[in-house]
Structure formats: structure tokens, C-alpha cells
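Subject: Structure handover

Hello,

Please find the structure below.

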Amino acid sequence: MTVDASQVSRYATRRGEVHVRAVEGPGEESPDVAGTGTLVLQVLGRRSGMPALDEPSSGYLVRAGDATLLLDCGPGVAGELRGALGGGELDGVFISHLHLDHCYDLIPIAKTLLSPHVSYPSHGREGLLTGPVPQVPCHLPADGVAAFRTVQELFPVRSSPPLDQAFDLVFRPVETAPGGSYAVGGATVTAVGLRHAVPVCGFRVASDAAASPTPATPAGPTR
Ligand SMILES: [Zn+2]
């Protein structure tokens, strides 16, 4: 079973949920896989470059088998993600490259995921962790960890020290490289090198629930 990647690219130009259709063979389509849990793409945002009203930048939620993955998170995606997850868990994050329209919301997302594990301060007291924090693998280009730690340190949250460390507490960093393959839950994600002004990877997502490798991916970044 494979997925028609051209459909993904076409539908990924608008926001909303895409139930990717499975293709059994050349020219053949099986019924929509909606509800089978095989592979569903939800476009959280698709605007690149300058922000615009009610148009989040690049962000894609992929449900592959039992895994829920976030691909990129430009400005505006953190709020969309919170609504899309609806309290559900995120199993992995993949950042294509270190341009802000693809990664600006990573620290806000870390804080959102950390928030249920922090007690908020009463007057004169600091917020504290309430227990262990489950870590989400966060796949980044080289230099990504240093970049996000720098951002984290630039904007301390003095009233609640755990929020100072949101990136490190919530994410387990994994450095990506073209050709790399990364297993997350019931999915395997392969990084594909793309041409751009900086090092960049597109991501091909395969659901282990499919009978054979299942290539699909949001279109690679272009800006
Ligand atoms: Zn870019």
C-alpha cells in the first residue's frame, strides 16, 4: 500500500484535515483511509514568509498508525496544535530547517506541553514541577539544540523556573540529517535533503500499519 503524495501536496495548500487516500497499485485507489488510522494529514498552517491575519505559517500534524507527529511549527502553529491535539499526546516533532516560519513556535509548544506538569506560583512562591515530565523526541537540524537553548535563556520565566527549561524538560533532541530514518511509535520518518538557502530536510512518513512502505509527506519547504 502506498500513498499518493501528489494528493498530499495539492491538499496541503489549504488548512484543514486531509485523509490521504491509499493507492494499491499504479492507477488504483482504495477507499479513503479515513478512520483506519493509517495516515491522516492535518494542515495546521501553510503560510511561509511574512505572518498574516489568521494564517499560521508552516505546520502539519500527521497521524500515522498510533503515532501523532508534528512537522514544523511556524508562527501561529502552537495554538492550532493545542486545538488539534485536544488533550491528546504528541509523539514526535520534526523541524525541517532553522528558518523562523518553520520553527518559531517550538518554545511556546514546549511550554504548552510542560504546563500540566507545573504548579503555578502563589504569591511569593515559585512554580515547581509536579512530577516526571514525559519527553517527546524532537528532531532538529544540526545547531538546532544550541539555537533553541539560546532563545530559552533569552526569555527567562523567573516566577516559574521549570518554564525556563521547557525545551530541555519536554524534548529529547535528535539531530537529523538527509537519509536518516527515525522510528516514532508506529511510524517511520525518513529525512530527505532538499535544496534551499540553508540545510533543510523534507520528511517522508511511513505508517507501520501499512502492508508495505507508505511514502507520504507534506511538501518540502520552499522559503
Ligand atoms: Zn526557509
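Of the 223 residues of the protein chain, 40% count as buried. A residue is called buried if 20 or more other C-beta atoms lie within 10 Å of its own, exposed if 12 or fewer do, and partly exposed in between, with the C-beta atoms placed from the backbone. Please note that this is a predicted model: local features need pLDDT of at least 70, side-chain atom pairs count only at pLDDT 80 or more, and totals for chains, interfaces and linings use all residues. Residues are numbered from 1 along each chain as its sequence is written.

The secondary structure of the protein chain comes to 7 helices and 14 strands. Helices (H or I, at least four residues) and strands (E, at least two) are DSSP runs, numbered from the N terminus. Residues 24 or more positions apart account for 56% of the contacts in the protein chain with a separation of 6 or more. Two residues are in contact if their C-beta atoms, placed from the backbone, lie within 7 Å.

The helix pair

Two packed helices are described by the angle between their axes and the distance between the axes. Helix α2 covers residues 77–85 and helix α4 residues 106–114; they pack at an angle of about 35 degrees, and their axes are 9 Å apart. Axes here are lines fitted to C-alpha atoms, for helices over the stretch in contact, and angles run from 0 to 180 degrees between N-to-C directions. The crossing of α2 past α4 is right-handed. A crossing has that name if the near helix is turned clockwise from the far one by less than a right angle, and is left-handed if anticlockwise.

On the α2 side, the contact is made by Ala-78, Leu-81 and Arg-82, and on the α4 side by Pro-108, Ile-109 and Thr-112. These residues divide into 4 nonpolar, 1 polar and 1 charged. In this count Ala, Val, Leu, Ile, Met, Phe, Trp, Tyr, Cys and Pro are nonpolar, Asp, Glu, Lys and Arg are charged, and the others, Gly among them, are polar.

In α2, the buried residues are Val-77, Ala-78 and Leu-81. Seen down the axis of α2, they fall within an arc of 100 degrees, so they line one face of the helix. The arc is that of the directions from the helix axis to the C-beta atoms. These buried residues pack against β4 (39–45), β5 (59–64), β6 (67–71) and α4. Just after α2, Gly-86 takes a positive phi of about 55 degrees.

As for α4, 7 of its 9 residues are buried, so this helix is largely enclosed by the rest of the structure. Among them are Leu-106, Ile-107 and Lys-111.

The sheet

Strands of a sheet pair through backbone hydrogen bonds, either parallel or antiparallel. An open sheet of 3 strands has the order β12-β13-β14, with antiparallel pairing. Two strands count as paired if DSSP finds at least two bridges between them. The edge strands are β12 and β14 (200–207), each of which pairs on one side only. Direction ignored, neighbouring strands of this sheet are turned by 30 degrees against each other on average.

Strand β12 (residues 181–184) pairs with strand β13 (residues 187–194) over 4 bridges. Ser-181 stands opposite Thr-190 in β13, and Tyr-182 stands opposite Val-189. The two strands form a hairpin with 2 residues between them, and Gly-185 in the turn has a positive phi of about 55 degrees.

Loop residues

His-97 is found in the loop between β7 (92–94) and α3 (100–103). It counts as buried because it has 22 C-beta neighbours inside 10 Å. Its C-alpha atom is separated by 4.8 Å from that of Val-200, 103 residues away along the chain. His-99 is found in the loop between β7 and α3 as well. With 21 C-beta neighbours inside 10 Å, His-99 counts as buried.

Asp-54 is found in the loop between β4 and β5. Its phi is near 60 degrees, a positive value in a residue other than glycine. Asp-54 counts as exposed because it has 8 C-beta neighbours inside 10 Å. Asp-143, in the loop between β10 (136–140) and α5 (144–154), has a positive phi of about 80 degrees although it is not a glycine. With 12 C-beta neighbours inside 10 Å, Asp-143 counts as exposed.

Regards
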